[in-house]
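Reader: I would like to learn how to read a protein model step by step. May we go through the one shown below together?

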Amino acid sequence: MPSKTMSKLQKTFEELNEKNVNEFTKKKGAFTYLSWAWAVREFLSVAPEATWVIHEFQLDEYTTAPYMKTPTGYYVKVTVTVDGVDRTQVHPVLDNRNQPIEEPNAFHINTSIQRGLAKAIALHGLGLYIFAGEDLPVEDPLTSAEIKAMLSLADAISSSKLESVSKMV
């Protein structure tokens, strides 16, 4: 429970950070997701005065859009404000396998905006634990040849240890 000596901002963060939102998550592949709708609902129950902005980018002299295109892909940007503090999430436009989409459509952009919103909310504390470790590199699985070599080595070590023990007895 937040202490009385904390600032309003600290109290809000602590209250959001202590909220368990596991019942609202879904597992997809190696990742756990908190639906933006549940994130907003739970977030506003603690910080009803919070606001957010979906940033727009200048595409040309006359047109803006809620995404930006770079040489590395498309991105969206969402800022959530609580107690006067802005937290911003820049989120890539990804497919369902978390790979960049070369030519995203409106659905892809919207999905990424909602993911960015959920993550910007997490920066204020709600469900932050869900994202712990997602930025760690994914190790490549061992090949069957590597597994075979490791098993062979383990077998050789076991045989050697068995011979050593037998000589001692």
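Reader: Is Asn98 buried, partly exposed or exposed?

Author: This model is predicted, and the values discussed here are computed from it. Asn98 lies in the loop between strand 8 and helix 3. Buried means under 20% relative accessible area and exposed means over 50%. The relative accessibility of Asn98 is 24%, so Asn98 counts as partly exposed.

Reader: What value does phi take in Asn98?

Author: Asn98 is a residue other than glycine, and its phi is positive. The value of phi in Asn98 is near 60 degrees.

Reader: Where is Asp83 found, and is it buried, partly exposed or exposed?

Author: Asp83 is found in the loop between strand 7 and strand 8 (85–92). Phi of Asp83 is also positive, near 50 degrees, in a residue other than glycine. With a relative accessibility of 25%, Asp83 counts as partly exposed.

Reader: How many helices and strands are there in the protein chain?

Author: Read from the N terminus on, the elements run α-β-β-α-β-β-β-β-β-β-α-α. In that notation, the chain holds 4 helices and 8 strands.

Reader: What percentage of the residues in the protein chain is buried?

Author: The protein chain has 169 residues. A residue counts as buried under 20% relative accessible area. By that cut-off, the buried share is 28%.

Reader: Which residues of helix 2 are buried?

Author: Helix 2 spans residues 36–46. The cover over its buried residues includes helix 1 (8–18), strand 2 (31–34), strand 3 (51–54), strand 7 and helix 3. The buried residues themselves are Ala39, Val40, Glu42, Phe43 and Val46.

Reader: At roughly what angle do the axes of helix 2 and helix 3 cross?

Author: Helix 3 covers residues 106–122, and its axis comes within 9 Å of the axis of helix 2. The crossing is left-handed. The angle between the two axes is roughly 35 degrees.

Reader: Which residues of helix 2 and helix 3 make the contact?

Author: An α-helix has 3.6 residues a turn, so residues three or four places apart point the same way. The residues of this contact divide into 7 nonpolar, 1 polar and no charged. Helix 2 contributes Trp36, Ala39, Val40 and Phe43, while helix 3 contributes Gln114, Leu117, Ala118 and Ile121.

Reader: Which residues touch the most other members of the largest nonpolar core?

Author: This core has 27 residues. The elements that give two or more residues to it are helix 2, strand 7 (73–82) and helix 3, and helix 3 gives the most, with 7 residues. The members that touch the most others are Phe43, Val80, Ile121 and Leu126.

Reader: What does Val80 touch, leaving out residues up to four places away in sequence?

Author: Val80 belongs to the largest nonpolar core. Its contacts beyond four places in sequence are Phe43, Thr51, Trp52, Val85, Asp86, Arg87, Leu117, Ala120, Ile121 and His124.

Reader: Why does Thr79 count as buried?

Author: Thr79 has its place in strand 7. Leaving aside neighbours within four places in sequence, Thr79 is in contact with Thr51, Trp52, Val53, His55, Asp86, Arg87 and Thr88. Buried means under 20% relative accessible area. Thr79 counts as buried because its relative accessible area is 8%.

Reader: Which side chains make polar contacts with the side chain of Thr79?

Author: The side chains of Thr79 and Thr88 are joined by a polar contact of 2.7 Å. A polar contact of 2.5 Å links the side chain of Thr79 to another partner, His55. The two partners are therefore Thr88 and His55.

Reader: How far apart in space are Gly116 and Thr79, C-alpha to C-alpha?

Author: Gly116 lies in helix 3 and is buried, with a relative accessible area of 0%. Its contacts, leaving aside neighbours within four places in sequence, are Val78, Gln89 and His91. Gly116 and Thr79 are 37 residues apart in sequence, and their separation in space is 8.6 Å.

Reader: Which backbone oxygen does the side chain of Thr25 reach?

Author: Thr25 has its place in strand 1 (residues 25–28). Not counting residues up to four places away in sequence, Thr25 touches Thr32, Tyr33, Leu34 and Ile130. At 2.8 Å, its side chain reaches the backbone oxygen of Asn22.

How values were computed
Residues are numbered from 1 along each chain as its sequence is written. This is a predicted model: local features need pLDDT of at least 70, side-chain atom pairs count only at pLDDT 80 or more; totals for chains, interfaces and linings use all residues. Side-chain values use heavy atoms; hydrogens and water are left out. Axes are lines fitted to C-alpha atoms, for helices over the stretch in contact, and angles run from 0 to 180 degrees between N-to-C directions. A crossing is left-handed if the near helix is turned anticlockwise from the far one by less than a right angle, and right-handed if clockwise. Contact means heavy atoms within 4.5 Å. Ala, Val, Leu, Ile, Met, Phe, Trp, Tyr, Cys and Pro count as nonpolar, Asp, Glu, Lys and Arg as charged, and the others, Gly among them, as polar. A nonpolar core is a set of buried Ala, Val, Leu, Ile, Met, Phe, Trp, Tyr and Cys residues joined through side-chain atoms within 4.5 Å. Buried means under 20% relative accessible area, exposed over 50%, partly exposed in between (1.4 Å probe, protein chains only). A polar contact is a pair of N or O atoms within 3.5 Å; within protein, one must be able to donate a hydrogen and the other to accept it, and residues adjacent in sequence count only if both atoms are side-chain atoms.
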